[in-house]
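This report concerns the salt bridges of the structure shown below.

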Amino acid sequence: MLLGTSMGGARPKAVVEDDHGFWIAKFNRPDDRWNNTRVERAMLELAKVCSEGRSSRQAL
């Protein structure tokens, strides 16, 4: 990951570091019609159950 590079996308994000590495923290915008970050989390869980993806994720 390079300092100063943009992660892009329509919603605000932050890079967080813990003992396990770097994580992207995503946030909702005030004008969102629903909780986009919660929906994305649910989709990651669904992919895990379906064995479609193995990306690391952690709810903060």
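The structure is a predicted model, in which local features need pLDDT of at least 70 and side-chain atom pairs count only at pLDDT 80 or more, while totals for chains, interfaces and linings use all residues. Residues are numbered from 1 along each chain as its sequence is written, and side-chain values use heavy atoms, with hydrogens and water left out.

A search of the whole structure finds 5 salt bridges, a salt bridge being a side-chain nitrogen of Lys or Arg within 4 Å of a carboxyl oxygen of Asp or Glu. Among them are the pairs in this table.

| Pair | Closest N and O atoms |
|---|---|
| Lys26 and Glu40 | 2.8 Å |
| Arg29 and Asp32 | 4.0 Å |

The salt bridge between Lys26 and Glu40 links distant parts of the chain, 14 residues apart: Lys26 belongs to strand β2 (residues 21–26) and Glu40 to helix α1 (residues 36–49). Helices (H or I, at least four residues) and strands (E, at least two) are DSSP runs, numbered from the N terminus. Lys26 is partly exposed at 38% relative accessible area, as is Glu40 at 35%; the term covers values between buried (under 20%) and exposed (over 50%), computed with a 1.4 Å probe on protein chains only.

Helix α1 also holds both Glu45 and Arg41, which lie 4 residues apart, about one turn of the helix. Glu45 is partly exposed at 28%, and Arg41 is partly exposed at 32%.

Arg29 and Asp32 belong to a network of salt bridges that also includes Arg11 and Asp31. Arg29 is partly exposed, with a relative accessible area of 30%, whereas Asp32 is buried at 17%.
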